[in-house]
Amino acid sequence: MKRSVLFTVVGVFALLLPAGPTLDAQSLKGMSLNGATGLIGIPTGRIGWEHSADFGFDLGYHAIFDDGDTAHIPKASISLFKMLEFALAYDTNRGDDNEDLLISAKFQLPTQGTAVALGGNFQMLQINGNDENAQQIYIAATYPGQFFRMPAETTFVVGKTFGDIGPGDEAIDFGMGFDLVLFPDIFQGYVHWINDFANFSYSLTPVGANASDRGSFNTGLRIDLASHPGLSRYKFVIDAILTDALDENRAFALGLAFGAPIR
């Protein structure tokens, strides 16, 4: 991605930062590509069941289609005591002994208004091949607002990745994202427009956007079926995503997540 395009993307996100009080809408806590509660490639400051249940679980799956390759990423997470989250994802990557196991954890701080979480992940890369590993630590902050009277949330992530491959010792992870409830009067809260931009991907060996090279912008729609009153106790999310959407090597992803409280 050219430098001018990078500045344009960051500038657009800056213009979209929510301001003022939020509308009355519950945050949609979908699963990112690596299983943590988040947007597309980045985590948010939220956990899967931060207010509604002391114990809850999420099950998810994403498929990434990239130049004839398809990566299958089944995942699962559990939320504990409205403050802890643990997630596990298995990425088939491009096959041929390239499978990755992604393990993540997140602790949400007891803040008001803005959701802030300290998190990290451990990446067992090419577990049937070269056995390379990577680790990431981060702090994520998510705060609500509104954009043109539509409920919105903005997320910032800063962190550091360590590993056998990937960015050098001086690289700092940075990402920002935006979740907009799209025209709630028309779509009744079912449709979210999600975006994120980052210089890191869901793992150090991703399919689709390899953000550590130049940064990447990901965008898509997240459908919240739990907006239906009959499903309101649960989580039921469908994703349709473009990764690295502004470059010619963009990829397409489909996903879904289901979650439930454990009483």
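Predicted model: local features only at pLDDT ≥ 70, side-chain atom pairs only at ≥ 80, totals over all residues.
Residues are numbered from 1 along each chain as its sequence is written. Local features need pLDDT of at least 70, side-chain atom pairs count only at pLDDT 80 or more, totals for chains, interfaces and linings use all residues, and side-chain values use heavy atoms, without hydrogens and water.

Side chains of opposite charge can pair when their charged atoms come close. In a salt bridge, a side-chain nitrogen of Lys or Arg lies within 4 Å of a carboxyl oxygen of Asp or Glu. This rule gives seven salt bridges.

Take Asp66 and Arg94. Their closest N and O atoms are 3.0 Å apart. Asp66 sits in strand β1 (residues 55-66), while Arg94 sits in the loop between β3 (84-91) and β4 (100-108), so the pair ties together parts 28 residues apart in sequence. Strands here are DSSP runs (E, at least two residues), numbered from the N terminus. Asp66 is buried, at 7% relative accessibility. Arg94 is partly exposed, at 35%. Buried means under 20% relative accessible area, exposed over 50%, and partly exposed in between (1.4 Å probe, protein chains only).

Next come Asp239 and Arg222. Their salt bridge spans 2.7 Å, N to O. Asp239 belongs to strand β11 (residues 235-243) and Arg222 to strand β10 (residues 216-224), so this pair ties together parts 17 residues apart in sequence. Asp239 is buried, with a relative accessible area of 3%. Arg222 is buried too, at 1%.

Salt bridges can also share partners. Arg46, Glu50 and Glu153 are joined into one network this way. Within it, Glu50 pairs with Arg46, with 2.4 Å between the closest N and O atoms. Both of these residues, Glu50 and Arg46, are buried.

Key. Helix = DSSP H or I, 4+ residues; strand = E, 2+ residues; numbered from the N terminus.
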